[in-house]
Each structure stands twice: as structure tokens, then as C-alpha cells.
Amino acid sequence: MLPIMHRNQWLPEVFNDFFNTDFMPKASATAPAINVIESDTDYTVELAAPGLKKEDFNVNINDDGNLVIKMEQKNEHEDADKNRHYLRREFSYSKYEQTLILPDDVEKDNISAKVEHGVLTIALPKIAAAQKKPARQIDIC
């Protein structure tokens with residue numbers, strides 16, 4: 001027995017060529033996943049970015065001292081073969097921007113970032129805290 005595929009008959013297939021074009025791109029409401037990891041010496045921010053290169057990113061500290069992560073992938077569409085065209089195209093990851101408020105203990109001058117295996121990793125080192133002195137009793141003279 002073969003599985004049967006049911007189609008939505010609310011919108012006839014005649015309109016597929018009208019709605020599935022480059023003039024009316026499909027809106028995507030998804031954002032990349034972000035992990036934030038804390039250790040004794042630093043914070044690490046990981047952002048999922050499959051298929052993107054380091055040239056697609058801009059990471060900076062804004063005037064308010066916040067970390068701003070921007071990524072943009074330009075998808076230039078060329079039809080070299082006029083006998084073929086996309087019926088459906090979902091390979092588009094256009095633009096994303098995220099601002100993270102940094103904790104006060106981040107050493108902002110030593111922040112680094114790298115892209116590897118589809119993940120943007122930002123290292124936020126903590127300011128080395130002065131050694132805590134043990135509590136002691138103060139003698140009154």
C-alpha cells in the first residue's frame with residue numbers, strides 16, 4: 001500500500017507560481033541559537049551559523065559598552081540555465097543582529113571571536129579579581 005499525500009485545496013496550485021517567487025520571499029522568523037557559558041575565568045558566547053564565513057560577521061562593542069553581533073549573508077541569484085528554475089527556495093539566511101549587555105566584570109579590551117565548523121565563538125575574559133583576604137578580627141587598643 002502506498003502512502004497518500006493530501007494537498008491543501010484551500011489555495012489552488014495555479015497560484016504557486018505567483019506566491020513562490022523572488023518578488024515575494026518567504027518570511028523567516030527564526031533566529032540563530034545562542035549559548036552563553038560561564039567559567040571562573042571567562043564567558044563564552046556561541047552562535048549557530050551554519051554555512052557562514054567570517055566575512056559575513058561584524059562583532060563590536062557599541063558606545064554603551066554592549067556587545068553587538070551582526071551577520072548578513074548576501075544571496076545573489078543567477079539563472080545561468082534558463083530551462084531550470086526554483087519551484088521552492090528556502091536556502092536564504094539574510095540578516096540578523098543581536099545586542100548583549102555585558103557584565104561589569106568583562107575585560108572589554110581582550111574580547112576575541114572566531115568562526116569554526118558553523119559556530120561563531122566569542123571569548124569574553126573576566127577581569128582578574130584581587131585576591132580575597134581572609135576575614136580577621138581587629139583588636140581594639
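Start by selecting K126 and Y43: the charged end of K126 sits over the ring of Y43, 4.8 Å from its centre (the test is NZ of Lys or CZ of Arg within 6 Å of the ring centre and within 35 degrees of the ring normal). Keep in mind that this is a predicted model, where local features need pLDDT of at least 70, side-chain atom pairs count only at pLDDT 80 or more, and totals for chains, interfaces and linings use all residues. Numbering runs from 1 along each chain as its sequence is written, and side-chain values use heavy atoms, with hydrogens and water left out.

Now show what else touches K126 beyond four places in sequence: the contacts include D40, D42, D105 and E107 (heavy atoms within 4.5 Å). Is K126 buried or exposed? Buried, at a relative accessible area of 15% (buried is under 20%, exposed over 50%, partly exposed in between, with a 1.4 Å probe and protein chains only).

Next, colour by secondary structure. K126 lies in the segment after β7 (119–125), and the protein has one helix and seven strands (DSSP runs: H or I of at least four residues, E of at least two).

Finally, colour by pLDDT, the predictor's confidence in each residue from 0 to 100. The mean is 76, but residues 24–28 stay under 50.
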